[in-house]
Amino acid sequence: MSQSDPAHDRKAADEARLAAEAERWRARSQRVRLYRRLLPILIVVLAGSALTWTVFRTVMSGVEREASQARDIRLDNPMFHGQDAEGRSFVIGAEGAVRDPATGRFRLNGPVLRLNLGGAKVTEMTADAGLYNETERTVTIGPNVRISDGGSGFVLTTPEAVVNTATGVVTGDKGVEGRGPLGTISATSYAIYEQGQRVVFSGSGENKVRGTIAAASGE
């Protein structure tokens, strides 16, 4: 029985290890070449996906905005008529109005409000914009509000006025300037009652005025 040569066995083992290492190296080399080819493609795909998603969201936002605007009801020179709890009439007009179908509120452009005191006594209010909540029976107008008060004879300017069409009371707490038969007045807040028959002013800080102006009786 022949004996194996140790030197020959070591040589065979070394050759086997070298062959295995060479095979692993070739496999790694193939993976590296594959990754080098795939990585630029992957980067392009990801960048394209991000760009596509951005464009998609931009387009969809535009479509949603146009759809929302399409649902709005636009009115030219609208005129709303009503009465307060005392039966006194009021008119709300505007250069234009947009009704939000979700809330039922009207956004007013160039609103004009007229509160009828009876006879020639009419309080007229104008502003740049406003919001008419028909359900809650309120009208909020501003900025650049001008109130020609038919009851007291005062002309008031204020950033905002809130009209309760159920009671006919007009209020504001963002400052007010006024001039009329009794001179001029500057106050922090005001309230107009009885559709102009009584105007109450109050103030704080430099505008510490507090007083009430009642309309003169008679026509």
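I count a contact when heavy atoms lie within 4.5 Å.

**Ground rules.** I am reading a predicted model, where local features need pLDDT of at least 70, side-chain atom pairs count only at pLDDT 80 or more, and totals for chains, interfaces and linings use all residues. Residues are numbered from 1 along each chain as its sequence is written, and side-chain values use heavy atoms, with hydrogens and water left out.

**Arg107.** I looked up the contacts of Arg107 first. Leaving aside neighbours within four places in sequence, Arg107 touches Asp72, Gly96, Ala97, Val98, Asp100, Gly130 and Leu131. Arg107 sits in strand β5, residues 106–109. I take helices (H or I, at least four residues) and strands (E, at least two) as DSSP runs, numbered from the N terminus. Arg107 is partly exposed at 41% relative accessibility. For these labels I use a 1.4 Å probe and protein chains only: buried is under 20% relative accessible area, exposed is over 50%, and partly exposed is in between.

**Whole chain.** I found one helix and 18 strands in the protein chain. Of its 219 residues, 29% are buried. Among contacts with a separation of 6 or more, 36% join residues 24 or more positions apart. The chain exposes about 14,100 Å², and carbon and sulfur atoms supply 55% of that. Accessible areas come from the Shrake-Rupley method with a 1.4 Å probe; for residues, only the protein chains shown count as cover.

**Core.** I define a nonpolar core as buried Ala, Val, Leu, Ile, Met, Phe, Trp, Tyr and Cys residues joined through side-chain atoms within 4.5 Å. The largest one has 28 residues, and Leu108, Ile147 and Val170 touch the most other members. I then checked Val170. Beyond its neighbours within four places in sequence, its contacts include Leu115, Met125, Ile147, Val163 and Tyr190.

**Cavity.** On a 1 Å grid over the protein atoms alone, I call a cavity a set of points where a 1.4 Å probe fits but cannot get out; lining residues have an atom within 4 Å of a point. Points join across faces, edges and corners, and volume is the space filled by probe spheres set on them. I count one cavity of 30 Å³ or more. The largest cavity holds about 50 Å³. Its lining has 12 residues, with Phe90, Leu115, Val163, Asn164 and Thr165 nearest the centre. Strands β3 (89–93), β6 (112–116) and β12 (161–164) each give at least two lining residues.

**Loops.** Gly142 and Pro143 are joined by a cis peptide bond, with omega about 5°. Pro143 is in the loop between β9 (138–141) and β10 (145–148). Asn77 is not a glycine, yet its phi is positive, near 50°. Asn77 lies in the loop between β1 (73–76) and β2 (79–83). Asn77 is exposed, at 59% relative accessible area. Arg137 also has a positive phi, about 60°, without being a glycine. Arg137 belongs to the loop between β8 (129–133) and β9. Its relative accessible area is 33%, so Arg137 is partly exposed.

**Thr103.** I ended in the loop between β4 (96–99) and β5, where Thr103 lies. Thr103 is partly exposed, at 42% relative accessible area. Thr103 and Thr135 are 32 residues apart along the chain, and 9.3 Å separates their C-alpha atoms.

Definitions and conventions:
On a 1 Å grid over the protein atoms alone, a cavity is a set of points where a 1.4 Å probe fits but cannot get out, and a pocket is an open set with protein on both sides within 12 Å along at least five of seven lines; lining residues have an atom within 4 Å of a point.
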